[in-house]
Amino acid sequence: MPFDIGESRGGTYSEQMAAHSVLQKLGILADAAKYDASCASSGTAKKNSLAGKGIGSTEGMGICHAYAPDGRCISLLKILLTNHCVFDCHYCVNRKSSNVARARFNPQEVVDLTLAFYRRNYIEGLFLSSGIVKNSNHTMEQIVEVARILREEHDFRGYIHLKTIPEADAEIVHQAGLYADRVSINVELPTDSGLTRLAPDKDARQIEGAMGKVRSDLAEAKDARKRFKYAPRFAPAGQSTQMIVGADAATDADIVGKASRLYDNFRLRRVYYSAFSPIPDASAVLPLKRPPLIREHRLYQSDWLMRFYGYKPSEVMQATEADGNLPLDIDPKLAWALKFREAFPVDVNRASKEQLLRVPGLGVKAVAKILASRRHRALRLDDVALLTQSITKVRPFICTVDWRPVMLTDRADLRSLLAPRTEQLELFAA
Ligand code: SF4
């Protein structure tokens, strides 16, 4: 029976009971999937219309947001096939020694749920992950089967993101890429020693080997599509990964180094950083406290510096403090500029794009506008002020026809003048 997620509960008693049990499973398996940040929506206030007021909910079971390759924000049904697992990763709520309620969908149930949500316009796609039942190959086959039924039997054209299991045979992972828009393999922890300690069943070489195979499958498929119009697509939205931050002793410098190697070696679309959050029934080897959420935010900012602002990983690492971590009170671009003040001030009317991208407070769009505008006239400080949220942050690092920072760039107290007020920082605190 295709599952009905509608408000009315028609049908026979056994059909109603089956629907009820699917809903219970959905509650468990959508909740279990929330720890995966690869497509997480976060930072929004909890709202719903359960009391009969208003319409909509930010807490819909298992629905999250992701960005499609063309930049659209899309809603995904985000669930696990099962939260049973034969592995025992300490940081995971689904590990075999964890005392949580367990549930398991069969592939057809996930297909029915996806179609039911899709037909009601709740979602535009599916994000499917799973604990490992029986063994890696069996689980991977079940994940692939969901995507196969959706694509082949229902001609489903929505977005599909499949988590793949590095320990599964490469051929089964390859099948996943033939049906999915995006595949991802979690590297889990930034260092091999952290992985050995906290995920004893996993092997860093195997994980990176699986990512390497996906990379070569992506390249081969791209090449084949150039030569043959109807060559099969393989994960056209590429591959991504996730790293857990704060569960082991890895510093931000370790994390930045690892992320940059992953981008270089495997041509990843994204590395996601997930601040470790204490889980129910946590293992004793884990920290008791989560790292401040702003640490995750600073790592995303450093990721952007490498991907869009032309910083080398070694330069981002130069922005870290003596303990190897990025400062929490200021963003990494400002931290770098304060350390390397000899590179400033830059003349906005003459500097190269690369130099302008280093100015704290100037984003990629602002720099493009400066480059376009200065062809027509010399820019003044007020012109730059229109392009930034905070001219105070920009002023020490630039010159214009009517502004020179004189001693401001070298002031000993510049950091405290530019650091955001502490109340704003507290918004990100754990
Ligand atoms: S293999 Fe995945 S689901 Fe299983 S315990 Fe490890 S992280 Fe959790």
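I began with A235, which is found in the loop between α6 (204-227) and β6 (239-245). Helices here are DSSP runs of H or I with at least four residues, strands are E runs of at least two, and both are numbered from the N terminus. Before going on, I noted that this is a predicted model, where local features need pLDDT of at least 70, side-chain atom pairs count only at pLDDT 80 or more, and totals for chains, interfaces and linings use all residues. Residue numbers run from 1 along each chain as its sequence is written.

**Positive phi**
A235 has a positive phi of about 35 degrees although it is not a glycine. Is A235 buried or exposed? It is buried, because 26 other C-beta atoms lie within 10 Å. My cut-offs: buried means 20 or more other C-beta atoms within 10 Å of the residue's own, exposed means 12 or fewer, partly exposed is in between, and C-beta atoms are placed from the backbone.
I found R267 with a positive phi of about 50 degrees, and it is not a glycine either. R267 sits in the loop between α7 (252-266) and β7 (270-275). With 14 other C-beta atoms within 10 Å, R267 is partly exposed.

**Cis peptide**
I checked omega next: F344 and P345 are joined by a cis peptide bond, with omega about 0 degrees. P345 lies in the loop between α10 (332-339) and β8 (346-347).

**Whole chain**
I counted 16 helices and 9 strands in the protein chain. Of its 430 residues, 39% count as buried. For contacts I used C-beta atoms, placed from the backbone, within 7 Å. Among contacts between residues at least 6 apart in sequence, 66% join residues at least 24 apart.

**Core**
The largest nonpolar core has 102 residues, and L29, L128, A147 and A176 have the most contacts inside it. This core draws at least three residues from each of domain 1 (13-41 + 57-291) and domain 2 (337-426); the domain bounds come from an automatic or database domain assignment. A core here is a set of buried Ala, Val, Leu, Ile, Met, Phe, Trp, Tyr and Cys residues joined through C-beta atoms within 7 Å.
What does A176 touch? Leaving out residues up to four places away in sequence, I get M140, I143, V144, A147, L162, T164 and V183. In helix α4 (residues 170-179), A176 is buried along with V173, Q175, G177 and Y179. The cover over these buried residues includes α3, β4 (159-163), β5 (182-184) and α6.

**Strand β4**
I looked at β4 next: 5 of its 5 residues are buried, so it is largely enclosed by the rest of the structure. Side chains in a regular strand alternate between the two faces of the sheet. Y159, H161 and K163 on one side of β4 and I160 and L162 on the other are all buried. L128 has L162 as its bridge partner in β4.

**H138**
I placed H138 in helix α3 (residues 136-154). It counts as partly exposed because it has 13 C-beta neighbours inside 10 Å. Its C-alpha atom is 9.6 Å from that of I172, 34 residues apart along the chain.

Key: Contact = placed C-beta atoms within 7 Å. Pairing = 2+ DSSP bridges.
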